[in-house]
Amino acid sequence: MKRRKFIKKSGLSVGGMLTFAQVKANKDLFGTEKQSIGKPVCIATWNVKDATQAAWTVLKESGSALDAVETGAKVEEADVNNQTVGKGGRPDREGNVTLDASIMDHQGNCGSVVCMQNITHAISVARKVMEDTPHVMLAGKGAEQFAIEQGFEAENLLTPKSAEEYQKWLKTSNYEPVINIENHDTIGILALDAQGNLAGGCTTSGMAYKMAGRVGDSPIIGAGLFVDQKVGAATATGMGEEVVKTVGSFLVVELMRQGHSPDKACQIAVERIVENNPEYQKIQIGYIALDKYGNSGAYCIHPGFNYRRFDTKGHELITPRSHL
Ligand code: SD4
């Protein structure tokens with residue numbers, strides 16, 4: 001029997017690739033039937049229960065995935081106790097809080113802001129970039145000026161707590177990102193709404209005490225966030241430099257396109273970083289992914305990472321498998 005015919009008949013995958021028959025039959029690499037496990041659903045990096053709760057209030061009223069992810073992300077941006085996102089974020093080594101954020105919808109539209117100061121809701125500015133400009137990315141002063149023109153309020157994002165910690169840090173000026181800092185970090189949030197549309201958002205103040213002007217993965221489409229309505233969505237947290245080098249979120253979505261489950265896709269993408277980096281034990285990376293059927297998954301290097309899922313069955317904190 002000719003090889004091509006055999007493949008067609010057996011329906012087996014070859015070299016990790018799905019056959020046409022499997023894709024058509026909506027099966028993953030292991031032959032498991034993929035099923036819609038119910039819309040709507042949202043997931044978010046870390047234990048951000050107020051954020052997923054807020055996103056859910058949008059989704060359960062048949063709101064859009066885009067509104068849901070923006071609403072959820074804004075909760076963390078406004079929370080001064082979350083020192084990795086929005087107002088209250090830790091500053092760079094010059095003492096300036098600079099924010100990175102991105103958003104993407106089911107039609108492949110996207111917007112982001114990088115290294116923006118003085119505006120709390122970076123996710124909303126990213127959305128404005130997507131919806132109201134001919135561009136996808138605005139940086140620094142230009143992003144801030146655009147936000148102010150759009151009616152966003154300028155405010156000092158450095159809270160007394162973050163300022164005090166920064167003054168202490170200045171004594172050593174040692175740049176050593178802390179793994180699972182306070183078990184809370186960048187928020188990446190993905191949603192599938194009742195209409196079956198996907199969207200994602202990602203917002204952060206970046207690595208604490210980074211060099212001035214440093215930009216991480218979070219505002220870079222394909223790195224910190226990617227959404228493909230035909231497949232699913234993914235987002236990242238952790239050491240952005242490594243995520244950028246491997247175009248991580250795009251990779252996770254492409255792996256799902258090849259038939260991997262969200263969990264497995266996140267695992268392969270994390271392992272790509274591990275393989276490339278002899279110092280991987282010093283860094284944390286966490287990916288979360290949501291496919292177009294509502295299945296979610298995640299994987300990380302170090303234990304300690306978790307993610308929130310809210311769907312019609314309830315609100316869960318999920319601890320994914322980790323490399324170490
Ligand atoms: C960054 N990925 O700027 C973001 C921040 C983060 O742990 O998740 N820090 O690299």
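Strand 11 is joined to strand 12 by a hairpin of two residues. The structure is a predicted model, in which local features need pLDDT of at least 70, side-chain atom pairs count only at pLDDT 80 or more, and totals for chains, interfaces and linings use all residues. Residues are numbered from 1 along each chain as its sequence is written, and side-chain values use heavy atoms, with hydrogens and water left out. The chain contains 10 helices and 12 strands; these are DSSP runs numbered from the N terminus, helices being H or I of at least four residues and strands E of at least two. Of the 324 residues in the chain, 56% are buried, where buried means under 20% relative accessible area (1.4 Å probe, protein chains only).

**Strand 11 and its partners**

- Strand 11 (307-311) is largely enclosed by the rest of the structure, because five of its five residues are buried.
- Tyr307, Arg309 and Asp311 are buried on one side of strand 11, and Arg308 and Phe310 are buried on the other.
- In a regular strand, side chains alternate between the two faces of the sheet.
- Strand 11 pairs with strand 12 in the antiparallel sense over five bridges, pairing being assigned if DSSP finds at least two bridges between two strands.
- Within that pair, tyrosine 307 stands opposite isoleucine 318 of strand 12.
- Strand 1 is also antiparallel to strand 11, with five bridges joining them, and isoleucine 43 has arginine 309 as its bridge partner.

**Helix 3**

- Helix 3 (residues 49-59) has as its buried residues Ala51, Thr52, Ala54, Ala55, Trp56, Val58 and Leu59.
- These buried residues pack against strand 1 (41-45), helix 4 (65-78), strand 5 (187-192), strand 11 and strand 12 (314-318), a contact meaning heavy atoms within 4.5 Å.

**Nonpolar cores**

- The largest nonpolar core has 68 residues, and Val252, Ile285 and Tyr287 have the most contacts inside it; such a core is a set of buried Ala, Val, Leu, Ile, Met, Phe, Trp, Tyr and Cys residues joined through side-chain atoms within 4.5 Å.
- Helix 10 (residues 262-276) gives the most to this core, with six residues.
- Apart from this core lies another, of 15 residues, including Val113, Val129, Ala147 and Phe152.

- Four strands form an open antiparallel sheet in the order 7-8-9-10.
- Strand 7 (225-228) and strand 10 (296-300) are the edges, each with a single partner strand, so one side of each has no neighbour in the sheet.
- Four bridges join strand 7 to strand 8 (residues 232-238), and leucine 225 stands opposite threonine 235.
- Helix 9 (residues 248-257) packs on the sheet, touching strands 7, 8 and 9, and its direction makes about 145° with that of strand 8; axes are lines fitted to C-alpha atoms, for helices over the stretch in contact, with angles from 0 to 180 degrees between N-to-C directions.
- Helix 10 also packs on the sheet, touching strand 9 and strand 10, at about 20° to the direction of strand 10.

**Ligand surroundings**

- The residues around the ligand include Asp185, Thr186, Arg214, Asp217, Thr237 and Gly238, each with a heavy atom within 4 Å of the ligand.
- Ligand oxygen atoms lie 2.7 Å from a side-chain N or O atom of threonine 186 and 2.6 Å from one of arginine 214.
- A ligand nitrogen atom is 2.7 Å from a side-chain N or O atom of aspartate 217.

Methods. Buried means under 20% relative accessible area, exposed over 50%, partly exposed in between (1.4 Å probe, protein chains only). A polar contact is a pair of N or O atoms within 3.5 Å; within protein, one must be able to donate a hydrogen and the other to accept it, and residues adjacent in sequence count only if both atoms are side-chain atoms.
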